[in-house]
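Thanks for asking me to look this one over. Here are my notes, point by point, to read beside the model.

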Amino acid sequence: MTTLPSETVGDAYTDSTAWELLADLSDLGDRMPGHEGEAVGASLVADAFEDAGLSEVAVTEFPIPGWWRGEASLRLDHRGRSHVFDGSHELVELPGTPSGEVTGEIVDMGYGLPEDFEDVDLSGCIAMASSITPDDYGRWVHRSEKYDYASESGAEGFLFYNHIEGALPPTGSINHTNGPGPIPAVGLSKELGSRLTRHCDEVAGDGGIEATLSVEARNEPATSANVEAVVGPDTDEEVLYTAHVDAHDVGVGANDNGFGSALAVGVGRVLASIEDELETRVRLVVFGAEETGLYGSYYWSHTHDLDDVKCVLNVDGAGYSRNLEIYPHGASGLGEAFEEVEDEFDVPIVVEDGLRPHSDHWPFVQRGVAGGQGRSTADGSGRGWGHTHGDTLDKLDIRDLRELTVLCAAGVAKLAEADREIEGRDPEAVKAETIEEGHDVGMKATDSWPWGEERPWPWADELA
C-alpha cells in the first residue's frame, strides 16, 4: 500500500509554487478558449511542469470554434419610459451567441425546465429563465438546454438571469460546438432579472413588456492546446490526473479552473518526490477549451488509445474549501482508494454516487473508462461566483490548495498501485444510468447525446 512519507507531506504543506502559478494565471485576466491568455496560461503550466521535475512535457494544439465578445445592451420600454441596461454589472453575452438585434415581448419562463416550454409559442418573443434548478427536480438543467428550448419554441432572444445576488451576471457557453447558436443570448444579474420578473408580473395578461436585445460578437476558427507531462515508471497503463486551464473572460477564472491547474502542478511535484515508489505511470493533463464544449478532453480521448488508461481523476471546481468530494461514476476501486486516504489522514472525504456529465472526465466515462471527478464544497457554494466577474483570487485560500494537493496526490499514488484493480464500465451501462438520472433529456435537446448518430465534437468523422 502506497503512502506519502511525512517529509513529503510536510514539504507540500509549506510549498507555495502552485499558489504562485494560480496567481499568475489569475493575473492573465482573459483565458477564454482560443484567446491569447489561454495560450499564455498553457505555457505557464508547461513551465511549472518542467520546474516540478516531470518528464515528457508537451503542448498539443487543436482547432476549436473561437468566440470573442463585443458590446451588448437591453433596452426596456415600460410605462412610457425607456431604460437601457449595458453595464458589465447588469449583463454579459453568453459564449456562442451570434450577433443580432431583436425586439419583442419579454416572457418569463421561470426555471426554464423542459415542461415549462411544453406547448408554448414564443414566436417573436425574448425568453427569460433563471440560472437555478429546484433542489427537488432530480437533475441540473444546463443553461444551454434552457437556451435551446427557448429557440425551439420560437423565441428570438434569450435572457439568463442569475440566482446569486451581488450584481454578478453569469456567463457560460450555450454549447453549440460547431458554431454560433441560433438566437442572441445574454446573462443578467439577479438584480436586473428580479426587476424584469417584477415588471412581467405587473403586466401579466396585459400585453407584456417590450424590449430590444442587441448583441455584437465574433465567431471564427481558433486554436486551443492541451498541456501534459508524466511521472513514474514506463508502464503499459497510465493513471490520468486532469484539469483545465481555460476560463471565461468576464472574470479571471481563479477557482474555475485556475485552482485545478495549480492543483495539477502541486500533485505533480508531490508525485515527482516519490517517483521511485510509483508502480504505474501517472500522466498529468491540463486541457484547453473545457468551458466551450470539453474540446480538449474530447480531442485527447479520441487521439489516444483508451485501453492504455487505467483510470482518470479530473479535478474541477475545487477552490470552495478543503472538503474533498469524489464522484467515481460507478468505477469500482476508484472511490475506495480515497476512502483509504480518508482513514490515513483522518480527514473527511465524501465519495458520492451519481453522474456529473459536465466536465473533462465525461468524454472518458461515456466510453467506459473508469473516471472520477474531484471537487470541493462549502455551505451554500453551488455555482456561487463561478462564471462571473467575481471569480477572483482573493476568495481562495492557499491552505485549501495545500491540503487538497496532499489528498489528491495520496489518492493518485494509490490508484497507481499495480495490484489495485480499477474497473471501468460498459458504455451501455453508463448510457442506461444517464437515462435513469434524466441527463439524456438535456443532452438530446442540445445535440450532445454521445450514443446516437449525432456526436458532440467537430472531429467525429475524422476521429471515430
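Leaving aside its neighbours within four places in sequence, which residues is Glu 433 in contact with?

1. Glu 433 touches Gly 354, Leu 355 and Arg 425 once the neighbours within four places in sequence are set aside; contact here means heavy atoms within 4.5 Å. Before going further, a word on the basis: this is a predicted model, where local features need pLDDT of at least 70 and side-chain atom pairs count only at pLDDT 80 or more, while totals for chains, interfaces and linings use all residues. Residues are numbered from 1 along each chain as its sequence is written, and side-chain values use heavy atoms, with hydrogens and water left out.

2. Glu 433 sits in helix H11, residues 427–436. Helices are DSSP runs of H or I with at least four residues, numbered from the N terminus. Its relative accessible area is 17%, so Glu 433 counts as buried (buried is under 20% relative accessible area, exposed over 50%, partly exposed in between, with a 1.4 Å probe and protein chains only).

3. Thr 3 lies in the segment before helix H1 (6–14). Thr 3 is partly exposed, because its relative accessibility is 38%. In sequence Thr 3 and Ala 413 are 410 residues apart, yet their C-alpha atoms are 7.6 Å apart in space. Beyond four places in sequence, the contacts of Thr 3 are Glu 277, Glu 344 and Lys 414.

4. How many disulfides does the structure hold? The count is 0, a disulfide being a pair of cysteine sulfur atoms within 2.5 Å. For Cys 200, the closest cysteine sulfur belongs to Cys 125 and is 10 Å away, so it is too far for a bond. Cys 408 has its closest cysteine sulfur in Cys 311, at 13 Å, and that is also too far for a bond. Cys 200 is buried at 11% relative accessible area, and Cys 408 is buried at 1%.

5. On to the cavities: there are 4 of 30 Å³ or more. A cavity is a set of points on a 1 Å grid over the protein atoms alone where a 1.4 Å probe fits but cannot get out.

6. Residues lining the second largest cavity include Ala 247, His 248, Glu 291 and His 387; lining residues have an atom within 4 Å of a point. This lining divides into 2 nonpolar, 5 polar and 3 charged residues (Ala, Val, Leu, Ile, Met, Phe, Trp, Tyr, Cys and Pro count as nonpolar, Asp, Glu, Lys and Arg as charged, and the others, Gly among them, as polar).

Key:
Helices (H or I, at least four residues) and strands (E, at least two) are DSSP runs, numbered from the N terminus. On a 1 Å grid over the protein atoms alone, a cavity is a set of points where a 1.4 Å probe fits but cannot get out, and a pocket is an open set with protein on both sides within 12 Å along at least five of seven lines; lining residues have an atom within 4 Å of a point. Grid points are joined across faces, edges and corners, and a volume is the space filled by probe spheres set on the points.
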